[in-house]
Amino acid sequence: MSGIPAKGATPANDQDGASLSKAQLAHQWIRSRISDGTFSPGYRLVLGQIARELDVSAVPVREAIRLLEAEGLVTFERNIGAQVAMLDATEYVHTMQTLSLVEGYATALSAPALNADTLDRARRINAEMADCLDHFDPVSFTRLNLEFHSVLFEGCPNPHLLDLVHRGWSRLSALRDSIFSFVPGRAHESVAEHAALLDLIENGADPIQVELAARNHRLGTLEAFLARQKIVAPVTSPASASPAPKGKNNEVPQ
């Protein structure tokens, strides 16, 4: 594994710096496998097995799992151990409701600092997403979707708000594979909503317009999910002048 120290390197618990580095590597390694579905919801994370795979001691792996637990991607139960979190429909609803608020505001705060080159980059990503629609690949589409939104919210000057956005996306990453089949009809609308959001930013729209557009984009996906599952009545932004648009023909619930 690239970046993992070779056998015979200083044990992870010998030096604080080494322990931190190995814990970060273990965290990234496990998290990437949760994100790409290799470690699906309910998958048991055996410390010794992962430690052997990465050629490190159990100490940094344990620390990595604690970090993932704090992010909501891993749970720990007595007599069972650590496993990839089983995120149910209610957890998805709560995550999307929260993310619609924090990401909408983060995008609005970031918008004034987005220059022409950055907006062009976002449009190119959205064009790639549009190209995915004819031969739909949910994994690629979701990756591009995060990349697109990251371009818009990563410039947020409030680090605490940005941390909340990152946490929300981390929770969604564990939900992806279990949610895809539940929301047919959002990909085409998502691409169109991205273009409209970019137009608002490019034209210097009032921050509240940008915030509501970003928020309703997220809530549109949530509405499609709720309509499909019939969990609760469709959710709309209370500050919005009109309901968030409902989806029709795509599969990505983000």
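Q: How many salt bridges does the count come to in this predicted model?
A: The structure is a predicted model. A pair counts when a side-chain nitrogen of Lys or Arg lies within 4 Å of a carboxyl oxygen of Asp or Glu. By this rule the count of salt bridges is nine.

Q: Which residue meets arginine 66 in a salt bridge, and where do the two lie?
A: Both residues of the pair belong to helix α3, three residues apart, or about one turn of the helix.

Q: Is glutamate 63 buried, partly exposed or exposed?
A: Buried means under 20% relative accessible area and exposed means over 50%. Glutamate 63 has 34% relative accessibility, so this residue counts as partly exposed.

Q: Which helices are linked by the salt bridge between arginine 218 and glutamate 103?
A: The closest N and O atoms of arginine 218 and glutamate 103 are 2.8 Å apart. The pair links distant parts of the chain, 115 residues apart. Arginine 218 and glutamate 103 are both buried. Glutamate 103 lies in α4 (residues 89–110) and arginine 218 in α9, which makes the linked helices α4 and α9.

Q: Which residues are linked with Arg123 in a network of salt bridges?
A: Aspartate 199 forms a salt bridge with arginine 123, with 2.8 Å between the closest N and O atoms. This pair joins helix α8, which holds aspartate 199, to helix α5, which holds arginine 123, across 76 residues. Aspartate 199 counts as partly exposed at 36% relative accessibility, and arginine 123 as partly exposed at 27%. The residues linked with Arg123 in the network are Asp199 and Glu202.

Q: What is the strand order of the open sheet?
A: The sheet has three strands with antiparallel pairing. β1 (44–45) and β2 (74–77) each have a single partner strand, so one side of each is left without a neighbour in the sheet. β1 pairs with β3 (residues 81–84) over two bridges. The order is β1-β3-β2.

Q: At about what angle does helix α3 run to β2?
A: Helix α3 spans residues 58–70 and lies across β1, β2 and β3. Its angle to β2 is about 110 degrees.

Q: How many residues are in the second, separate core?
A: Among its members are Ile65, Leu68, Val74 and Val84. This second core is separate, and its residues number 18.

Q: Which residues does leucine 152 touch, not counting those up to four places away in sequence?
A: Leu152 is one of the residues with the most contacts inside the largest core. Beyond four places in sequence, leucine 152 touches Thr107, Ser110, Leu114, Ala122, Leu197, Leu198 and Ile201.

Q: How many disulfides does the structure hold?
A: Cysteine 132 is buried, with a relative accessible area of 13%. Cysteine 156 counts as buried at 8% relative accessibility. A disulfide needs two cysteine sulfur atoms within 2.5 Å, and the number in the structure is zero.

Methods
Residues are numbered from 1 along each chain as its sequence is written. This is a predicted model: local features need pLDDT of at least 70, side-chain atom pairs count only at pLDDT 80 or more; totals for chains, interfaces and linings use all residues. Side-chain values use heavy atoms; hydrogens and water are left out. Two strands pair if DSSP finds at least two bridges between them. Helices (H or I, at least four residues) and strands (E, at least two) are DSSP runs, numbered from the N terminus. Contact means heavy atoms within 4.5 Å. Axes are lines fitted to C-alpha atoms, for helices over the stretch in contact, and angles run from 0 to 180 degrees between N-to-C directions. A nonpolar core is a set of buried Ala, Val, Leu, Ile, Met, Phe, Trp, Tyr and Cys residues joined through side-chain atoms within 4.5 Å. Buried means under 20% relative accessible area, exposed over 50%, partly exposed in between (1.4 Å probe, protein chains only).
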